[in-house]
Amino acid sequence: MAKQVIKVPDLGGADQVDVIEISVAVGDTVAQEDSLIVVEGDKASMDVPAPLAGKILSIRVKEGDKVSEGDVIGEMEADAAGFSVDEPAEKPAVSAPVAESVQAEAPTATQVAAPVGAEPEEEAIQVPDLGGADAVDVIEISVQPGDTVEEGDSLIVVEGDKASMDVPSPRAGTVVSIAVKEGDKVSTGDELGVLKVVAEDAVAPVATPEAAQAAAVPVGSTAQPVEPPAVPKKDFRLERNLTAAAQVYAGPAVRKLARELGVTLNKVKASGPRNRVSKDDLHNYIREQVKKAETGAVGVGGAIGIAKMPEIDFSQFGPVNVEPMSKIHKITAANMSRNWINVPHVTQFDDADITELESFRKSMKAEAEKRGVRLTPVPFLLKAVAAALRAEPNFNVSLHNDGEHIVHKDYVHVGMAVDTPKGLMVPVIRDVDKKGLYELAAEAREMALKARDGKLKPNEMQGACFTISSLGAIGGTGFTPIVNSPEVGILGVSKLAMKPVWNGKDFEPRQMLPLALSYDHRAVNGGDAGRFMTFMVSVLADVRRLLL
Ligand code: CAO
(Lines give C-alpha, C1' and ligand atoms only; values in the text may rest on other atoms or scores of the structure.)
Protein backbone atom coordinates (compact mmCIF):
# COMPACT_ATOMS: atom_id res chain seq x y z
CA MET A 1 0.00 0.00 0.00
CA ALA A 2 1.38 3.32 -1.08
CA LYS A 3 2.16 6.13 1.29
CA GLN A 4 0.77 9.38 -0.04
CA VAL A 5 1.67 12.95 0.83
CA ILE A 6 -1.45 15.05 1.04
CA LYS A 7 -1.11 18.63 -0.11
CA VAL A 8 -3.38 21.66 -0.09
CA PRO A 9 -5.15 21.72 -3.47
CA ASP A 10 -5.73 24.63 -5.80
CA LEU A 11 -7.43 27.31 -3.73
CA GLY A 12 -8.67 29.28 -6.66
CA GLY A 13 -5.94 31.85 -6.32
CA ALA A 14 -6.35 32.39 -2.57
CA ASP A 15 -3.25 32.42 -0.46
CA GLN A 16 -2.58 31.96 3.24
CA VAL A 17 -6.04 30.75 4.18
CA ASP A 18 -6.80 29.78 7.78
CA VAL A 19 -7.05 26.17 8.89
CA ILE A 20 -10.21 26.36 10.99
CA GLU A 21 -10.92 22.72 11.62
CA ILE A 22 -9.03 19.44 11.58
CA SER A 23 -11.70 16.89 10.70
CA VAL A 24 -9.63 13.70 11.12
CA ALA A 25 -7.08 12.23 13.54
CA VAL A 26 -4.01 10.10 12.97
CA GLY A 27 -5.12 6.48 12.57
CA ASP A 28 -8.55 7.39 11.17
CA THR A 29 -9.72 5.50 8.13
CA VAL A 30 -11.26 7.80 5.57
CA ALA A 31 -13.16 7.35 2.36
CA GLN A 32 -12.19 9.25 -0.74
CA GLU A 33 -13.67 12.77 -0.57
CA ASP A 34 -14.05 12.74 3.24
CA SER A 35 -13.15 16.09 4.69
CA LEU A 36 -9.61 16.20 6.12
CA ILE A 37 -9.41 19.81 7.14
CA VAL A 38 -11.55 22.91 6.69
CA VAL A 39 -9.92 26.09 5.51
CA GLU A 40 -11.36 29.56 5.38
CA GLY A 41 -10.46 32.53 3.27
CA ASP A 42 -11.90 35.98 3.12
CA LYS A 43 -15.30 35.12 1.74
CA ALA A 44 -15.85 31.40 2.09
CA SER A 45 -14.84 28.23 3.82
CA MET A 46 -14.18 24.88 2.17
CA ASP A 47 -13.42 21.31 3.05
CA VAL A 48 -10.18 19.85 1.80
CA PRO A 49 -11.22 16.31 0.92
CA ALA A 50 -9.18 13.11 1.04
CA PRO A 51 -7.79 12.42 -2.41
CA LEU A 52 -8.35 8.71 -1.94
CA ALA A 53 -9.57 6.16 0.59
CA GLY A 54 -7.08 5.07 3.21
CA LYS A 55 -5.62 5.57 6.66
CA ILE A 56 -4.31 8.86 8.02
CA LEU A 57 -0.65 8.48 8.99
CA SER A 58 0.11 12.02 10.03
CA ILE A 59 -1.39 15.49 10.20
CA ARG A 60 1.12 18.30 9.77
CA VAL A 61 -1.19 21.27 10.30
CA LYS A 62 -3.20 22.47 13.24
CA GLU A 63 -6.16 24.79 13.74
CA GLY A 64 -5.07 28.39 13.35
CA ASP A 65 -2.28 27.64 10.86
CA LYS A 66 -2.26 29.44 7.55
CA VAL A 67 -1.85 27.33 4.42
CA SER A 68 -1.45 27.89 0.71
CA GLU A 69 -1.70 25.69 -2.35
CA GLY A 70 0.92 22.92 -2.28
CA ASP A 71 1.53 23.00 1.49
CA VAL A 72 1.69 19.56 3.03
CA ILE A 73 -1.34 18.67 5.16
CA GLY A 74 -0.14 15.21 6.15
CA GLU A 75 0.36 11.69 4.94
CA MET A 76 -1.93 8.79 4.35
CA GLU A 77 -1.70 5.17 3.36
CA ALA A 78 -3.91 4.37 0.40
CA ASP A 79 -6.31 1.45 0.66
CA ALA A 80 -5.63 0.25 -2.83
CA ALA A 81 -3.36 1.21 -5.67
CA GLY A 82 -4.37 4.81 -5.85
CA PHE A 83 -2.88 7.94 -7.15
CA SER A 84 -0.78 10.53 -5.53
CA VAL A 85 -1.53 14.17 -5.39
CA ASP A 86 2.04 14.62 -6.52
CA GLU A 87 1.50 12.43 -9.53
CA PRO A 88 -1.96 13.09 -10.82
CA ALA A 89 -3.67 10.05 -12.26
CA GLU A 90 -6.62 10.11 -14.62
CA LYS A 91 -8.85 11.53 -11.96
CA PRO A 92 -7.80 14.76 -10.34
CA ALA A 93 -6.34 14.17 -6.91
CA VAL A 94 -8.51 16.76 -5.21
CA SER A 95 -11.84 17.81 -6.52
CA ALA A 96 -11.89 21.41 -7.48
CA PRO A 97 -13.61 23.38 -4.76
CA VAL A 98 -17.09 24.39 -5.70
CA ALA A 99 -17.22 27.84 -7.14
CA GLU A 100 -13.47 28.23 -6.65
CA SER A 101 -14.82 29.63 -3.50
CA VAL A 102 -11.78 30.32 -1.40
CA GLN A 103 -10.71 33.44 -3.12
CA ALA A 104 -9.40 36.72 -2.00
CA GLU A 105 -12.47 38.23 -3.64
CA ALA A 106 -15.50 36.08 -4.24
CA PRO A 107 -17.30 36.96 -7.44
CA THR A 108 -20.06 39.45 -6.94
CA ALA A 109 -23.53 38.86 -8.25
CA THR A 110 -23.77 40.02 -11.82
CA GLN A 111 -25.72 43.11 -12.74
CA VAL A 112 -27.80 43.05 -15.82
CA ALA A 113 -28.31 46.20 -17.82
CA ALA A 114 -27.00 48.62 -15.26
CA PRO A 115 -27.79 52.06 -16.60
CA VAL A 116 -25.57 55.08 -16.75
CA GLY A 117 -27.49 58.01 -15.33
CA ALA A 118 -28.27 59.95 -12.21
CA GLU A 119 -31.75 58.51 -11.42
CA PRO A 120 -32.03 55.38 -9.27
CA GLU A 121 -32.73 52.46 -11.54
CA GLU A 122 -33.90 48.95 -10.87
CA GLU A 123 -31.42 46.33 -11.98
CA ALA A 124 -31.81 42.60 -12.23
CA ILE A 125 -29.11 40.71 -10.33
CA GLN A 126 -27.90 37.34 -11.53
CA VAL A 127 -26.00 34.53 -9.88
CA PRO A 128 -22.34 35.09 -10.75
CA ASP A 129 -19.84 32.64 -12.14
CA LEU A 130 -19.79 29.74 -9.72
CA GLY A 131 -16.52 28.41 -10.99
CA GLY A 132 -18.11 25.59 -12.92
CA ALA A 133 -20.41 24.42 -10.15
CA ASP A 134 -24.00 23.86 -11.13
CA ALA A 135 -27.25 23.76 -9.22
CA VAL A 136 -25.83 24.73 -5.84
CA ASP A 137 -28.13 25.05 -2.84
CA VAL A 138 -29.31 28.41 -1.55
CA ILE A 139 -28.77 27.94 2.18
CA GLU A 140 -29.41 31.41 3.38
CA ILE A 141 -31.10 34.60 2.23
CA SER A 142 -29.10 37.38 3.89
CA VAL A 143 -31.29 40.32 2.88
CA GLN A 144 -34.92 41.14 2.37
CA PRO A 145 -36.79 43.58 0.16
CA GLY A 146 -36.29 47.10 1.45
CA ASP A 147 -32.82 46.42 2.88
CA THR A 148 -30.09 48.86 1.97
CA VAL A 149 -26.91 47.13 0.94
CA GLU A 150 -23.38 48.24 0.29
CA GLU A 151 -21.33 46.88 -2.54
CA GLY A 152 -19.98 43.54 -1.35
CA ASP A 153 -22.74 42.91 1.22
CA SER A 154 -23.90 39.34 1.17
CA LEU A 155 -27.19 38.82 -0.69
CA ILE A 156 -27.47 35.08 -0.37
CA VAL A 157 -25.26 32.18 0.70
CA VAL A 158 -24.95 29.17 -1.57
CA GLU A 159 -23.50 25.80 -0.80
CA GLY A 160 -22.17 23.19 -3.13
CA ASP A 161 -20.67 19.83 -2.44
CA LYS A 162 -17.52 21.10 -0.86
CA ALA A 163 -17.93 24.74 0.04
CA SER A 164 -20.33 27.47 0.95
CA MET A 165 -19.96 31.03 -0.24
CA ASP A 166 -21.55 34.41 0.04
CA VAL A 167 -22.91 35.96 -3.12
CA PRO A 168 -22.18 39.62 -2.53
CA SER A 169 -24.06 42.57 -3.95
CA PRO A 170 -22.36 44.01 -7.05
CA ARG A 171 -23.40 47.52 -6.05
CA ALA A 172 -24.69 49.68 -3.28
CA GLY A 173 -28.45 50.09 -3.38
CA THR A 174 -31.80 48.95 -2.07
CA VAL A 175 -33.04 45.41 -2.45
CA VAL A 176 -36.31 45.50 -4.39
CA SER A 177 -36.95 41.78 -4.52
CA ILE A 178 -35.26 38.44 -4.03
CA ALA A 179 -36.25 35.82 -6.58
CA VAL A 180 -34.88 32.79 -4.73
CA LYS A 181 -35.62 31.18 -1.41
CA GLU A 182 -33.77 28.88 0.96
CA GLY A 183 -33.60 25.39 -0.46
CA ASP A 184 -33.67 26.51 -4.10
CA LYS A 185 -30.94 25.36 -6.42
CA VAL A 186 -29.23 28.01 -8.51
CA SER A 187 -26.67 28.08 -11.29
CA THR A 188 -24.60 30.79 -12.90
CA GLY A 189 -26.82 33.33 -14.65
CA ASP A 190 -30.00 32.53 -12.72
CA GLU A 191 -31.98 35.54 -11.64
CA LEU A 192 -31.31 36.39 -8.02
CA GLY A 193 -33.43 39.45 -7.57
CA VAL A 194 -33.72 43.13 -8.29
CA LEU A 195 -31.64 45.93 -6.83
CA LYS A 196 -32.39 49.64 -6.97
CA VAL A 197 -29.02 51.33 -7.25
CA VAL A 198 -28.36 54.71 -5.70
CA ALA A 199 -28.04 57.47 -8.26
CA GLU A 200 -24.48 58.53 -7.62
CA ASP A 201 -23.41 54.95 -7.84
CA ALA A 202 -24.91 54.29 -11.24
CA VAL A 203 -22.36 52.73 -13.56
CA ALA A 204 -22.18 50.78 -16.75
CA PRO A 205 -22.86 47.04 -16.73
CA VAL A 206 -20.04 45.02 -15.22
CA ALA A 207 -19.53 41.44 -14.35
CA THR A 208 -16.61 41.33 -11.97
CA PRO A 209 -15.24 43.43 -9.16
CA GLU A 210 -12.25 44.27 -11.28
CA ALA A 211 -14.46 45.42 -14.12
CA ALA A 212 -16.60 47.29 -11.65
CA GLN A 213 -13.61 49.11 -10.32
CA ALA A 214 -12.38 49.93 -13.79
CA ALA A 215 -15.85 51.17 -14.72
CA ALA A 216 -16.44 53.18 -11.59
CA VAL A 217 -16.15 56.53 -13.27
CA PRO A 218 -18.23 59.35 -11.87
CA VAL A 219 -21.13 60.23 -14.11
CA GLY A 220 -20.20 63.05 -16.41
CA SER A 221 -16.49 62.37 -16.15
CA THR A 222 -14.53 61.39 -19.21
CA ALA A 223 -11.91 58.79 -19.87
CA GLN A 224 -9.77 58.94 -16.70
CA PRO A 225 -10.50 56.00 -14.37
CA VAL A 226 -10.52 57.04 -10.74
CA GLU A 227 -10.41 55.08 -7.50
CA PRO A 228 -13.82 53.68 -6.66
CA PRO A 229 -15.35 55.02 -3.45
CA ALA A 230 -14.01 53.11 -0.48
CA VAL A 231 -16.72 50.69 0.57
CA PRO A 232 -15.93 48.98 3.82
CA LYS A 233 -15.84 45.22 3.36
CA LYS A 234 -17.52 43.20 6.01
CA ASP A 235 -16.95 39.72 7.31
CA PHE A 236 -20.38 38.38 6.47
CA ARG A 237 -19.83 35.05 8.09
CA LEU A 238 -19.32 36.70 11.42
CA GLU A 239 -22.15 39.12 10.88
CA ARG A 240 -24.56 36.34 10.09
CA ASN A 241 -23.50 34.64 13.26
CA LEU A 242 -24.18 37.62 15.38
CA THR A 243 -27.49 38.67 13.92
CA ALA A 244 -29.53 35.52 13.56
CA ALA A 245 -29.66 32.43 15.68
CA ALA A 246 -30.80 30.40 12.70
CA GLN A 247 -27.72 31.36 10.77
CA VAL A 248 -25.02 29.15 12.02
CA TYR A 249 -21.33 29.26 11.33
CA ALA A 250 -20.40 25.80 10.05
CA GLY A 251 -18.51 24.22 7.19
CA PRO A 252 -20.21 22.42 4.31
CA ALA A 253 -19.32 18.94 5.56
CA VAL A 254 -20.83 19.70 8.96
CA ARG A 255 -23.92 21.20 7.33
CA LYS A 256 -24.28 18.15 5.12
CA LEU A 257 -23.92 15.77 8.06
CA ALA A 258 -26.43 17.80 10.08
CA ARG A 259 -28.90 17.59 7.21
CA GLU A 260 -28.40 13.85 6.91
CA LEU A 261 -28.95 13.39 10.64
CA GLY A 262 -31.87 15.80 10.75
CA VAL A 263 -30.14 18.06 13.27
CA THR A 264 -31.00 21.75 13.39
CA LEU A 265 -27.56 23.31 13.54
CA ASN A 266 -28.47 26.26 15.70
CA LYS A 267 -29.26 23.87 18.54
CA VAL A 268 -25.68 22.59 18.54
CA LYS A 269 -23.24 24.16 20.95
CA ALA A 270 -20.30 25.46 18.95
CA SER A 271 -16.79 25.08 20.29
CA GLY A 272 -14.77 26.20 17.30
CA PRO A 273 -13.13 29.55 16.71
CA ARG A 274 -15.67 32.33 16.26
CA ASN A 275 -18.43 29.94 17.38
CA ARG A 276 -17.93 27.60 14.52
CA VAL A 277 -19.81 24.29 14.76
CA SER A 278 -17.45 21.37 14.17
CA LYS A 279 -18.18 17.73 13.48
CA ASP A 280 -17.21 16.96 17.06
CA ASP A 281 -19.81 19.45 18.28
CA LEU A 282 -22.41 17.72 16.15
CA HIS A 283 -21.42 14.29 17.48
CA ASN A 284 -21.49 15.56 21.05
CA TYR A 285 -24.95 17.00 20.51
CA ILE A 286 -26.24 13.71 19.12
CA ARG A 287 -24.63 11.73 21.96
CA GLU A 288 -26.38 14.05 24.42
CA GLN A 289 -29.77 13.65 22.71
CA VAL A 290 -29.45 9.86 22.57
CA LYS A 291 -28.56 9.80 26.27
CA LYS A 292 -31.57 11.96 27.08
CA ALA A 293 -33.87 9.74 25.00
CA GLU A 294 -32.52 6.64 26.72
CA THR A 295 -32.98 8.03 30.21
CA GLY A 296 -36.33 9.48 29.16
CA ALA A 297 -35.50 12.97 30.30
CA VAL A 298 -36.70 15.77 28.08
CA GLY A 299 -34.90 18.99 28.73
CA VAL A 300 -37.01 21.56 30.50
CA GLY A 301 -34.20 23.71 31.70
CA GLY A 302 -33.31 21.98 34.91
CA ALA A 303 -30.99 19.08 35.49
CA ILE A 304 -33.74 16.54 36.06
CA GLY A 305 -36.34 17.13 33.33
CA ILE A 306 -39.56 15.17 32.90
CA ALA A 307 -39.10 11.44 33.25
CA LYS A 308 -40.78 9.23 30.68
CA MET A 309 -43.70 7.11 31.87
CA PRO A 310 -42.49 3.58 32.50
CA GLU A 311 -44.07 0.83 30.41
CA ILE A 312 -45.88 -1.51 32.77
CA ASP A 313 -47.42 -4.89 32.09
CA PHE A 314 -50.37 -4.76 34.50
CA SER A 315 -51.30 -8.40 33.88
CA GLN A 316 -48.40 -9.34 36.13
CA PHE A 317 -50.48 -8.03 39.06
CA GLY A 318 -53.81 -9.64 38.14
CA PRO A 319 -56.41 -10.05 35.39
CA VAL A 320 -56.82 -7.02 33.13
CA ASN A 321 -58.93 -6.06 30.14
CA VAL A 322 -57.31 -3.69 27.64
CA GLU A 323 -59.69 -1.66 25.47
CA PRO A 324 -59.06 1.17 23.00
CA MET A 325 -59.57 4.76 24.14
CA SER A 326 -62.33 6.70 22.40
CA LYS A 327 -61.28 9.48 20.05
CA ILE A 328 -62.68 12.08 22.46
CA HIS A 329 -60.76 10.52 25.33
CA LYS A 330 -57.51 10.63 23.35
CA ILE A 331 -58.03 14.26 22.33
CA THR A 332 -58.92 15.22 25.91
CA ALA A 333 -55.83 13.43 27.23
CA ALA A 334 -53.56 15.24 24.77
CA ASN A 335 -55.16 18.62 25.51
CA MET A 336 -54.96 18.10 29.26
CA SER A 337 -51.24 17.28 29.07
CA ARG A 338 -50.62 20.24 26.79
CA ASN A 339 -52.46 22.64 29.06
CA TRP A 340 -50.99 21.19 32.26
CA ILE A 341 -47.44 21.50 30.96
CA ASN A 342 -47.77 24.85 29.19
CA VAL A 343 -49.97 26.77 31.61
CA PRO A 344 -48.63 27.85 34.98
CA HIS A 345 -51.74 27.15 37.06
CA VAL A 346 -52.84 28.77 40.27
CA THR A 347 -56.11 27.78 41.93
CA GLN A 348 -57.96 30.03 44.31
CA PHE A 349 -60.76 28.75 46.59
CA ASP A 350 -63.79 30.30 48.21
CA ASP A 351 -67.28 29.34 49.37
CA ALA A 352 -70.26 31.30 48.07
CA ASP A 353 -73.19 31.64 50.43
CA ILE A 354 -76.08 30.72 48.13
CA THR A 355 -78.73 30.31 50.82
CA GLU A 356 -80.89 33.05 49.28
CA LEU A 357 -80.16 31.92 45.76
CA GLU A 358 -81.29 28.40 46.67
CA SER A 359 -84.57 29.58 48.18
CA PHE A 360 -85.18 31.78 45.15
CA ARG A 361 -84.30 28.89 42.79
CA LYS A 362 -86.65 26.52 44.62
CA SER A 363 -89.43 29.13 44.60
CA MET A 364 -89.05 29.45 40.84
CA LYS A 365 -88.76 25.72 40.12
CA ALA A 366 -92.46 25.10 39.49
CA GLU A 367 -92.75 28.09 37.19
CA ALA A 368 -89.61 27.01 35.37
CA GLU A 369 -91.00 23.54 34.84
CA LYS A 370 -94.18 25.05 33.35
CA ARG A 371 -91.90 26.72 30.83
CA GLY A 372 -90.23 23.39 30.20
CA VAL A 373 -86.84 24.20 31.84
CA ARG A 374 -85.01 22.82 34.88
CA LEU A 375 -83.61 25.53 37.07
CA THR A 376 -80.44 24.01 38.54
CA PRO A 377 -77.56 26.06 39.98
CA VAL A 378 -75.78 25.97 36.60
CA PRO A 379 -77.68 28.86 34.87
CA PHE A 380 -77.05 31.02 37.96
CA LEU A 381 -73.34 30.16 37.76
CA LEU A 382 -73.29 31.01 34.05
CA LYS A 383 -74.87 34.37 34.81
CA ALA A 384 -72.44 35.07 37.68
CA VAL A 385 -69.41 34.15 35.54
CA ALA A 386 -70.61 36.40 32.71
CA ALA A 387 -71.07 39.30 35.12
CA ALA A 388 -67.59 38.67 36.60
CA LEU A 389 -66.00 38.58 33.13
CA ARG A 390 -67.58 41.96 32.38
CA ALA A 391 -66.59 43.37 35.78
CA GLU A 392 -63.01 42.00 35.57
CA PRO A 393 -62.15 42.12 31.86
CA ASN A 394 -58.57 41.08 32.63
CA PHE A 395 -60.00 37.57 32.82
CA ASN A 396 -61.69 37.80 29.42
CA VAL A 397 -58.43 37.48 27.49
CA SER A 398 -56.16 35.04 25.68
CA LEU A 399 -52.44 35.14 25.13
CA HIS A 400 -51.64 35.89 21.50
CA ASN A 401 -49.75 33.22 19.55
CA ASP A 402 -46.84 35.60 19.05
CA GLY A 403 -46.18 35.64 22.79
CA GLU A 404 -46.11 39.43 22.73
CA HIS A 405 -49.75 40.45 22.84
CA ILE A 406 -52.89 39.89 24.90
CA VAL A 407 -56.20 39.45 23.07
CA HIS A 408 -59.03 41.23 24.93
CA LYS A 409 -62.48 39.89 24.06
CA ASP A 410 -65.61 41.96 23.88
CA TYR A 411 -67.90 38.94 23.89
CA VAL A 412 -68.83 36.58 26.70
CA HIS A 413 -69.06 32.96 25.59
CA VAL A 414 -68.83 30.37 28.37
CA GLY A 415 -67.93 26.71 28.03
CA MET A 416 -69.69 24.12 30.20
CA ALA A 417 -67.95 20.82 30.92
CA VAL A 418 -70.30 17.89 30.32
CA ASP A 419 -69.64 14.37 31.48
CA THR A 420 -70.62 11.98 28.65
CA PRO A 421 -70.25 8.21 28.21
CA LYS A 422 -67.67 8.87 25.48
CA GLY A 423 -65.68 11.33 27.57
CA LEU A 424 -65.55 14.96 28.56
CA MET A 425 -67.09 17.49 26.15
CA VAL A 426 -67.27 21.26 26.50
CA PRO A 427 -70.13 22.89 24.56
CA VAL A 428 -70.07 26.67 24.47
CA ILE A 429 -72.98 28.92 25.37
CA ARG A 430 -72.69 32.16 23.47
CA ASP A 431 -73.37 35.70 24.67
CA VAL A 432 -74.18 34.54 28.17
CA ASP A 433 -74.19 38.14 29.43
CA LYS A 434 -77.13 38.95 27.14
CA LYS A 435 -79.35 36.01 28.09
CA GLY A 436 -81.86 35.50 30.89
CA LEU A 437 -81.87 32.65 33.45
CA TYR A 438 -84.60 30.61 31.73
CA GLU A 439 -82.90 30.97 28.37
CA LEU A 440 -79.57 29.89 29.86
CA ALA A 441 -81.20 26.96 31.69
CA ALA A 442 -82.81 25.77 28.46
CA GLU A 443 -79.63 26.21 26.42
CA ALA A 444 -77.43 24.50 29.03
CA ARG A 445 -79.75 21.52 29.08
CA GLU A 446 -79.97 21.35 25.28
CA MET A 447 -76.17 21.51 24.98
CA ALA A 448 -75.68 18.85 27.69
CA LEU A 449 -78.12 16.52 25.90
CA LYS A 450 -76.47 17.13 22.54
CA ALA A 451 -73.07 16.39 24.12
CA ARG A 452 -74.32 13.14 25.63
CA ASP A 453 -75.92 12.12 22.31
CA GLY A 454 -72.69 12.97 20.43
CA LYS A 455 -74.55 15.57 18.35
CA LEU A 456 -72.47 18.67 19.06
CA LYS A 457 -71.10 20.39 15.98
CA PRO A 458 -67.45 21.54 16.06
CA ASN A 459 -68.48 25.22 16.11
CA GLU A 460 -70.62 24.55 19.21
CA MET A 461 -67.43 23.64 21.07
CA GLN A 462 -65.34 26.63 20.00
CA GLY A 463 -64.85 30.21 21.05
CA ALA A 464 -65.29 30.04 24.83
CA CYS A 465 -63.80 32.80 26.98
CA PHE A 466 -64.00 30.80 30.19
CA THR A 467 -65.26 27.37 31.33
CA ILE A 468 -67.44 26.15 34.19
CA SER A 469 -66.89 22.61 35.39
CA SER A 470 -69.65 21.62 37.82
CA LEU A 471 -69.29 18.42 39.79
CA GLY A 472 -71.91 19.63 42.26
CA ALA A 473 -74.43 16.98 41.33
CA ILE A 474 -71.79 14.28 41.75
CA GLY A 475 -70.08 15.34 44.98
CA GLY A 476 -66.80 16.40 46.50
CA THR A 477 -65.71 19.37 48.57
CA GLY A 478 -63.25 20.83 46.08
CA PHE A 479 -60.99 20.14 43.11
CA THR A 480 -58.46 22.03 41.00
CA PRO A 481 -59.69 22.21 37.38
CA ILE A 482 -57.21 22.48 34.49
CA VAL A 483 -57.45 25.65 32.41
CA ASN A 484 -58.92 24.98 28.98
CA SER A 485 -56.30 26.95 27.02
CA PRO A 486 -56.41 29.42 25.18
CA GLU A 487 -58.94 30.47 27.83
CA VAL A 488 -57.22 31.76 30.93
CA GLY A 489 -59.70 30.76 33.62
CA ILE A 490 -61.95 27.90 34.70
CA LEU A 491 -64.36 27.63 37.62
CA GLY A 492 -64.65 24.31 39.42
CA VAL A 493 -67.93 23.95 41.32
CA SER A 494 -68.32 21.33 44.04
CA LYS A 495 -71.27 20.08 46.08
CA LEU A 496 -73.36 22.55 47.98
CA ALA A 497 -73.12 21.93 51.75
CA MET A 498 -74.87 23.31 54.81
CA LYS A 499 -72.18 24.88 57.00
CA PRO A 500 -72.15 26.86 60.24
CA VAL A 501 -71.23 30.45 59.42
CA TRP A 502 -70.47 33.03 62.14
CA ASN A 503 -72.75 36.05 61.69
CA GLY A 504 -71.12 38.14 64.40
CA LYS A 505 -73.33 36.80 67.17
CA ASP A 506 -74.07 33.16 66.39
CA PHE A 507 -73.22 30.36 64.07
CA GLU A 508 -75.90 30.27 61.43
CA PRO A 509 -76.58 27.34 59.09
CA ARG A 510 -75.87 28.58 55.56
CA GLN A 511 -75.82 26.80 52.23
CA MET A 512 -72.26 27.15 51.02
CA LEU A 513 -71.15 26.41 47.48
CA PRO A 514 -67.42 25.50 47.19
CA LEU A 515 -65.76 27.24 44.26
CA ALA A 516 -62.26 26.78 42.85
CA LEU A 517 -60.93 29.24 40.28
CA SER A 518 -57.91 28.00 38.31
CA TYR A 519 -56.18 30.57 36.13
CA ASP A 520 -53.27 30.95 33.77
CA HIS A 521 -50.76 32.98 35.73
CA ARG A 522 -49.05 34.12 32.53
CA ALA A 523 -52.15 36.08 31.55
CA VAL A 524 -53.73 37.12 34.83
CA ASN A 525 -52.27 37.78 38.23
CA GLY A 526 -53.41 36.97 41.73
CA GLY A 527 -55.02 40.38 42.20
CA ASP A 528 -57.23 39.86 39.13
CA ALA A 529 -58.18 36.40 40.40
CA GLY A 530 -58.92 37.69 43.90
CA ARG A 531 -61.22 40.39 42.51
CA PHE A 532 -62.90 37.97 40.09
CA MET A 533 -63.61 35.44 42.84
CA THR A 534 -64.79 38.06 45.34
CA PHE A 535 -67.16 39.48 42.72
CA MET A 536 -68.50 36.00 41.90
CA VAL A 537 -69.10 35.17 45.54
CA SER A 538 -70.85 38.49 46.18
CA VAL A 539 -73.25 38.22 43.23
CA LEU A 540 -74.08 34.60 44.04
CA ALA A 541 -74.77 35.62 47.64
CA ASP A 542 -77.15 38.36 46.57
CA VAL A 543 -79.43 37.03 43.89
CA ARG A 544 -80.88 40.52 43.25
CA ARG A 545 -77.48 41.70 42.01
CA LEU A 546 -77.27 38.68 39.76
CA LEU A 547 -80.54 39.53 38.09
CA LEU A 548 -79.60 43.12 37.46
N1 CAO B 1 -74.48 21.15 44.66
C2 CAO B 1 -75.53 20.40 44.96
N3 CAO B 1 -76.42 20.01 44.05
C4 CAO B 1 -76.24 20.41 42.78
C5 CAO B 1 -75.16 21.21 42.41
C6 CAO B 1 -74.27 21.59 43.42
N7 CAO B 1 -73.21 22.34 43.14
N8 CAO B 1 -75.23 21.42 41.10
C9 CAO B 1 -76.33 20.78 40.65
N10 CAO B 1 -76.94 20.17 41.66
C11 CAO B 1 -78.15 19.41 41.62
C12 CAO B 1 -79.13 20.00 40.67
O13 CAO B 1 -79.82 21.07 41.29
C14 CAO B 1 -79.99 18.85 40.33
O15 CAO B 1 -80.88 18.61 41.37
P16 CAO B 1 -82.41 19.05 41.24
O17 CAO B 1 -82.92 18.37 40.04
O18 CAO B 1 -82.99 18.58 42.52
O19 CAO B 1 -82.40 20.52 41.12
C20 CAO B 1 -79.02 17.70 40.34
O21 CAO B 1 -77.87 18.14 41.06
C22 CAO B 1 -78.60 17.21 38.96
O23 CAO B 1 -78.18 18.28 38.15
P24 CAO B 1 -77.72 18.02 36.63
O25 CAO B 1 -76.37 17.45 36.63
O26 CAO B 1 -78.77 17.25 35.95
O27 CAO B 1 -77.72 19.44 36.00
P28 CAO B 1 -76.75 20.64 36.24
O29 CAO B 1 -77.39 21.78 35.56
O30 CAO B 1 -76.43 20.80 37.65
O31 CAO B 1 -75.39 20.24 35.49
C32 CAO B 1 -73.97 19.59 33.74
C33 CAO B 1 -75.35 20.12 34.11
C34 CAO B 1 -73.95 19.39 32.26
C35 CAO B 1 -72.92 20.59 34.17
C36 CAO B 1 -73.76 18.27 34.50
O37 CAO B 1 -74.77 17.36 34.15
C38 CAO B 1 -72.45 17.62 34.22
O39 CAO B 1 -72.25 16.91 33.23
N40 CAO B 1 -71.49 17.78 35.13
C41 CAO B 1 -70.19 17.15 35.03
C42 CAO B 1 -69.15 18.10 34.53
C43 CAO B 1 -67.79 17.46 34.57
O44 CAO B 1 -67.60 16.31 34.25
N45 CAO B 1 -66.82 18.22 35.01
C46 CAO B 1 -65.50 17.71 35.18
C47 CAO B 1 -64.66 18.24 34.12
S48 CAO B 1 -63.00 17.90 34.39
O49 CAO B 1 -62.93 16.34 34.39
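**A tour from sheet to ligand**

Start by selecting residues 136–141, strand β11, and residues 154–159, strand β13: these two pair in the antiparallel sense over 4 bridges. Strands here are DSSP runs of E with at least two residues, and helices are runs of H or I with at least four residues; both are numbered from the N terminus. Two strands count as paired if DSSP finds at least two bridges between them.

This is a predicted model, in which local features need pLDDT of at least 70, side-chain atom pairs count only at pLDDT 80 or more, and totals for chains, interfaces and linings use all residues. Residues are numbered from 1 along each chain as its sequence is written, and side-chain values use heavy atoms, with hydrogens and water left out.

**The sheet**

Click I141. Which residue is its bridge partner in β13? It is I156.

**A buried arginine**

Next, select R171. Look for it in the loop between β14 (163–168) and β15 (173–178). Is R171 buried or exposed? R171 counts as buried because its relative accessibility is 3%. Buried means under 20% relative accessible area, exposed means over 50%, and partly exposed is in between (1.4 Å probe, protein chains only).

**A partly exposed valine**

Move to V320, in the loop between α4 (279–295) and α5 (327–342). V320 has 48% relative accessibility, so it counts as partly exposed.

**The ligand**

Finally, select the ligand. How many residues surround it? There are 22, and the closest are T376, R452, S469, S494 and L496. Here, near means that a heavy atom of the residue lies within 4 Å.

Zoom in on R452. One of its polar side-chain atoms lies 2.8 Å from an oxygen atom of the ligand. For R374, a polar side-chain atom is 3.1 Å from a ligand oxygen atom. At S470, a backbone N or O atom lies 3.0 Å from a nitrogen atom of the ligand. Color the elements that give two or more residues to the shell: α6 (355–370), α7 (377–391), β22 (418–420), α8 (437–452) and β25 (466–470).

How values were computed: Polar contact = N/O pair within 3.5 Å; in protein donor to acceptor, adjacent residues only side chain to side chain.
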